[in-house]
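Dear colleague,

I am handing over the structure we spoke of, together with some notes on what was found in it. Please read the notes with the coordinates open beside you.

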Amino acid sequence: MGHAAASAIVRSIRAVRAKRLAALVLGLLALGGACAPACIAGTFATALSPARGVHARAASRHGPSVTAALESLLHSGTITTTTYQQYYAAYVAARHSLGKLSATRRTELGDVLANVQAIAAAGGFIPSRLPALFMTLERNRQWWTTGSLLAGGVRVSFSTSKLVWEYYPGQGIEIQWLGTFGEGNGYYLAGNENANLKQLVSEIIPLATDRAGGITWEYMFQFDGGKPPWTSGLSQATALQVLTRAGSRFKEPADLTAAQQALGVFQTPPPVGVRVTSAIGSHYLEYTYARSDRILNGEIQALVGLYDYTSISKDPLGLALFEAGDAEARARVPSYDTGAWSMYDQYGESDLSYHELLTEFLQHLCERTRKGEPFTPTAPPAPAPAPSPTPTPTPGGTPGEGAPPSAARHTARSTSTTAGAPPIGADAIYCTTAERFTTDLHTPPVIALVTSTLRGGTRGGVKISLSKISSVGLTIRKGGKVVWTNSATLESGKPRLLWVTPRKAGAYAVTLTATDLAGNRASASGTITVRGA
C-alpha cells in the first residue's frame, strides 16, 4: 500500500562547496525528538527487492540533477531562497551521510536518494510535491544513521509526529498514507482523541501534492512496477473520510475544503487520476499506474469514502462520483465471488488479509447503502463528470448466504437526479456478498481427485478439483508404503501436482489434504492406475 513524491537534484554543486555546506547543515537537520519505532505488523508488508533502486538510478542519468532542478525553481521565483536552502541542505546532508554508511543502511538511504534524483530528472519537482519528498529524504537520513535495522513491512513513527511510516526493503522508510489515514479514522471513532486527530490533519494537509486539478497524497517510492510519484484511490478515499470527519467535528472550513479538493483524482483518468469509465459507470483504480487492474477492495473503499464525504458535505459532485462508482460496483461485485472465496482482482484470489479487508469494506458499504443516497439534493446535482482530457502526466507518475441476487437486481435501481425523486432502492448485493465472504472464513475447502490414469516413468500431473485457494498435500501409496509426496499452495479450479510416476504398472492409493488460508481443513482419497512405461 503506499505515497509518492518528486524531487530534483542540483547538478552544479562543486565538491568543495558540498563538503563545506555538509559540515554546516548536519547539525541543523535533526527533526526534533528521538525516533521511537512503534513497530506493528504492516498490512501491506510487500518486501521490494533492493534491485529496484537500480531502475531509479538508471532513470536519473537523464534530465536535471536535484541541484539543478532546485536552482531552476529558485531562479524562476517559484520557491523562496529560504525554501531552496532548506531542501538543498537536506540533500547535501543525505549525500554526506551516505558516504559514512555501509551495508543495508547505505543501500536504503542510497535508494531513497535515487528516487529523489529520478523524480528530479523526470521534471517532477513542483513546489507542492517538495515538502513530502524532502521530508522523506530527511527522515531516511535520520533513521539509517541513528535508528535500528528493520524487518520488511514494519511500521515506525517519530515522536513528534502522527504520520505512519513503513519500511519497504530497497526503498527505505516511506510515508504509509493509508496507514496514516487509518490512524486518523481511529482517532475520530474513539471520540476522545480529538487532539491527536487535529494534529494528524494539520500534518497531512501541507504534505498534499497538486494533482488532477486538486490535491492528493502521493507515494514517493517504486512499488509493484509503479514508479513514483503515484497515488491510490484506496488511500485517497480514506483521506476523504478523515478530512470530512475532522471538518464536521471541529468546524474547520480548511478541512472540508481540502476534502473537496481531494475529489480531483476521482474525476481524472490514469495515470494522473484513478477514474476509468465504462458503459455502466466508473471504476476507481487502486493504483494510478495500473490502469488494467480491477482490485475490488480499493474500489469498494473508494465508494465508502465518497459516501461519507457526500453525506457530510452535501456536495452534489460527491454524489455524482458516488453514483457512477456505485453503478459499476453493483454489476462487478458478483464476479469477485467464486462461491467459496473472494477474488483480489480479475486474475487471482485474495490472500487472507485481503479477503478479510474486502469483507469489512463491503460491510461498511452495506450499512451505508441500506440507507439510500448519501443525501437528498435540494437542487439537481451536477451530472457525473465525463473524464477530463488526460493532462500532461506529472513526470514520474506514469508515476473482495445463499445465491447472489440476479443481474437485473444489480442494475435495476433508481437514481435521484432531481429534487423530490425517490432514494436509491435497497439493494442487497453488498450485504449478501459480505455475508458470503464471512461464511467462507469458516467453510472447509472442497477437494477431489480428478486424474484416474497416468503413464509410468513420466513426470505426470495429478489433476485435482479445488474450491478455494489452499495449501494442498498429495500422498501416494503402494501396498501401504508411501512412494511419493508433494505439496503446494494452489488456487481454485483444476490445478495439478507433480508425480514422477514409477515405471511399474499398477493401482496406487492417493490421499489429498487441503487447508485453506483461514485454517479450515478437508481431505479426499482415490486411486490412480499407472499404465506400463
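Which residue lies over the face of Phe158, and at what distance from the ring centre? It is Arg139 that lies there, 4.0 Å from the centre of the Phe158 ring. Please bear in mind throughout that this is a predicted model, with a mean pLDDT of 83 for the protein chain and 79% of its residues at 70 or more.

Trp143 belongs to helix H6 (residues 130-146), whereas Phe158 sits in the loop between strand S1 (155-156) and strand S2 (165-168), so the pair ties together parts that are 15 residues apart in sequence. Trp143 counts as buried, at 0% relative accessibility, and Phe158 likewise counts as buried, at 3%.

A second pair, that of Tyr219 and Trp230, has another geometry: the ring centres are 4.4 Å apart and the planes stand at 10 degrees, so this pair is stacked. Tyr219 and Trp230 are 11 residues apart, and each is placed in the loop between strand S5 (214-216) and helix H9 (233-250). Both Tyr219 and Trp230 are buried. They also belong to one aromatic cluster, which is made up of Tyr168, Tyr219, Phe221, Phe223, Trp230, Tyr287 and Tyr289. For the model as a whole, the count comes to 23 aromatic pairs.

Backbone details

Most residues other than glycine have a negative phi, and most peptide bonds are trans, so the following places may deserve a look of their own. The bond that joins Pro228 and Pro229 is a cis peptide bond, with omega about 0 degrees, and Pro229 is found in the loop between S5 and H9. The peptide bond from Pro270 to Pro271 is also cis, with omega near 10 degrees, and Pro271 is found in the loop between helix H11 (264-267) and strand S6 (275-277).

Where does Asp224 lie? Asp224, which is not a glycine but has a positive phi of about 50 degrees, lies in the loop between S5 and H9. Ala103, also not a glycine, has a positive phi of about 55 degrees; this residue is found in helix H5 (residues 103-121) and is exposed, with a relative accessible area of 60%.

Strands and sheets

In what order do the 3 strands of the open sheet come? The order is S8-S10-S13, and the pairing is antiparallel. Strand S8 (447-449) and strand S13 (496-500) stand at the edges with a single partner strand each, so one side of each is left without a neighbour in the sheet. From one strand to the next, the twist averages 35 degrees. Strand S10 (residues 459-466) pairs with S13 in the antiparallel sense over 5 bridges, and the bridge partner of Gly461 in S13 is Leu498.

Strand S15 (residues 521-531) pairs in the parallel sense with strand S9 (residues 453-455) over 3 bridges, and Thr529 in S15 is the bridge partner of Thr453. Strand S14 (residues 506-516), by contrast, pairs with S15 in the antiparallel sense over 10 bridges, with Val510 standing opposite Gly526 in S15. S14 and S15 form a hairpin with 4 residues between them, and Gly519 in the turn has a positive phi of about 95 degrees.

Methods. Residues are numbered from 1 along each chain as its sequence is written. This is a predicted model: local features need pLDDT of at least 70, side-chain atom pairs count only at pLDDT 80 or more; totals for chains, interfaces and linings use all residues. Side-chain values use heavy atoms; hydrogens and water are left out. Rings of Phe, Tyr and Trp (its six-membered ring) pair if their centres lie within 6.5 Å; planes under 30 degrees apart count as stacked, over 60 as edge-to-face and the rest as tilted. Helices (H or I, at least four residues) and strands (E, at least two) are DSSP runs, numbered from the N terminus. Buried means under 20% relative accessible area, exposed over 50%, partly exposed in between (1.4 Å probe, protein chains only). A charge sits over a ring if NZ of Lys or CZ of Arg is within 6 Å of the ring centre and within 35 degrees of the ring normal. Two strands pair if DSSP finds at least two bridges between them. Axes are lines fitted to C-alpha atoms, for helices over the stretch in contact, and angles run from 0 to 180 degrees between N-to-C directions. pLDDT is the predictor's confidence in each residue, from 0 to 100.
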